[in-house]
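The sequence and the model come first, and the notes follow by topic.

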Amino acid sequence: MKFTAQQIAGILEGDIVGDPDVEVSKLAKIEEGTKGSLTFLANPKYKPYIYSTEASITIVDKDFETESEISTTLIKVEDAYKSFSKLLEYYNQVKFNKSGIESPCFISDTVKKGDNIYIGAFTYIGENVVIGDNVKIFPNSYLGDNVTIGDNTIIFSGAKIYSECVIGNNCVINSGAIIGADGFGFAPNEKGEYTKVPQTGNVILEDYVDIGAGTTIDRATLGSTVIRRGVKLDNQIQIAHNVEIGKNTVIAAQTGIAGSTKIGENCQIGGQVGIVGHITIGNNVRIQAQSGIGRNVKDNEVLQGSPALAYGDYNKSYVYFKNLPKIVKDINEIEKKVNGDS
């Protein structure tokens, strides 16, 4: 896809300094810009590159003034960073503006399809599925029986949504994500063998939820595993059965959350965090990467470590931990003096 400076300025409501007809077809960092690419300058640290970049178009703030000759065409806007983000969003809308049903794929006769949808080749859609308006389902996806997909949701290639699950409006489910697999439910018998406990619930994603590639969210044993509005999950996260995650919480990659744990709103959870089951984590909690959470957590706590401590306590303790060899040596010297040893 090619865009002229005039077209881009129209989208961003910006002013052009240079050639309005110059075209771009790709994006680049300002220090790596080449002919035909679009870039932006928002951080003053990168200002020197404006004079050497070969990018055809550069988005800059309105108050930017050149100090020497440049070759790139400028588009001046109120906020270069926000405008570039807006342009990326627009670019994605154009890139993903697919419609129609490709072949081959299997779509049950009982499926209810909204307007302006796209279903990619080799997709399977089971009985009584409901698909909203403007939904994009990319190739090799699976939707089990009785699944509901809200308006404007995107399901990328290879995602799997098991039966009975409910996906809200404006959600994004990335490749390899699995929504609604059985929870890890087994009961031991007198022989020490394990019998599977049927997982009869589902998963509910509310609106504006993003699910990263390879992330798995298990269906509830009874009831629902619930991911509230605005939650953002990174790649390769495990959410167990009957977990509930409050709205606008963000979780980084490789975190695991065990069954029936409740996480509050507006939490920030770092990568590789492990959270045990059947606990409650409050609102506005921040958990540093690689922490282990084994207890209930109150609102607004900041935690680090395994088992996790209050963030300030952890940092104070770590100072002593780093100095343990010296501390032990000092203690040994004191003991020698007290005991009269030479």
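Pro307 lies in the loop that links strand S39 (302-305) and strand S40 (308-310). The bond between Ser306 and Pro307 is a cis peptide bond, with omega about 0 degrees. The model is a predicted one.

**Other backbone features**

- A cis peptide bond also leads from Ser103 to Pro104, where omega is near 5 degrees.
- Pro104 sits in the loop between strand S8 (100-101) and strand S9 (106-107).
- Asn128, which is not a glycine, has a positive phi near 60 degrees.
- The loop between strand S12 (124-125) and strand S13 (130-131) holds Asn128, and this residue is partly exposed at a relative accessible area of 42%.
- Tyr208 is not a glycine either, and its phi is positive at about 60 degrees.
- Tyr208 belongs to the loop between S24 and strand S25 (210-211), and its relative accessibility of 37% makes it partly exposed.

**Overall dimensions and make-up**

- The protein contains four helices and 40 strands.
- The C-alpha trace extends over about 85 × 70 × 30 Å along the principal axes.
- The radius of gyration is 27 Å, whereas a compact globule of 342 residues would have one near 20 Å.
- Of the 342 residues, 40% are buried.
- The exposed surface comes to about 18200 Å², and 50% of it is supplied by carbon and sulfur atoms.
- Counting contacts between residues at least 6 apart in sequence, 17% join residues at least 24 apart.

**The nine-stranded sheet**

- Nine strands form an open sheet with parallel pairing, in the order S10-S13-S16-S19-S24-S27-S30-S33-S36.
- Strand S10 (112-113) and strand S36 (280-281) are the edge strands, and each pairs on one side only.
- Strand S24 (residues 202-205) and strand S27 (residues 224-227) run parallel and are joined by four bridges; here Asn202 is opposite Ser224 of S27.
- S27 also runs parallel to strand S30 (residues 244-245), with two bridges between them; Ile227 is opposite Ile245 of S30.
- Two bridges hold strand S33 (residues 262-263) and S36 in a parallel pair, in which Ile263 has Ile281 of S36 as its bridge partner.

- A second open sheet has five strands with mixed pairing, in the order S2-S7-S6-S5-S4.
- Its edge strands are strand S2 (15-17) and strand S4 (26-27), each of which pairs on one side only.
- Helix H1 (residues 5-12) packs on this sheet and touches S2, strand S5 (37-40), S6 and S7; the direction of H1 makes about 10 degrees with that of S7.
- Strand S6 (residues 57-61) and strand S7 (residues 73-77) are parallel and share five bridges, and Leu74 in S7 is the bridge partner of Thr58.

**Nonpolar cores**

- The largest nonpolar core has 49 residues, of which Ile173, Ile245, Ile281 and Ile293 touch the most other members.
- Another core lies apart from that one and has 15 residues, including Phe3, Ile75, Val77 and Ala80.
- Beyond its neighbours within four places in sequence, Ile281 is in contact with Lys262, Ile263, Gly264, Cys267, Ile275, Ile287, Ile293 and Val297.
- As a general background, nonpolar side chains in soluble globular proteins tend to be buried together.

Definitions and conventions: Residues numbered from 1 in each chain as written. Predicted model: local features only at pLDDT ≥ 70, side-chain atom pairs only at ≥ 80, totals over all residues. Heavy atoms only, no water. Pairing = 2+ DSSP bridges. Core = buried A, V, L, I, M, F, W, Y, C linked by side-chain atoms within 4.5 Å. Buried < 20%, exposed > 50% of the residue type's maximum accessible area, 1.4 Å probe, protein only. Contact = heavy atoms within 4.5 Å. Rg over C-alpha atoms; globule rule 2.2 N^0.38 Å. Areas by Shrake-Rupley, 256 points an atom, 1.4 Å probe, with all protein chains shown as cover. Axes fitted to C-alpha atoms, helices over the stretch in contact; angles between N-to-C directions.
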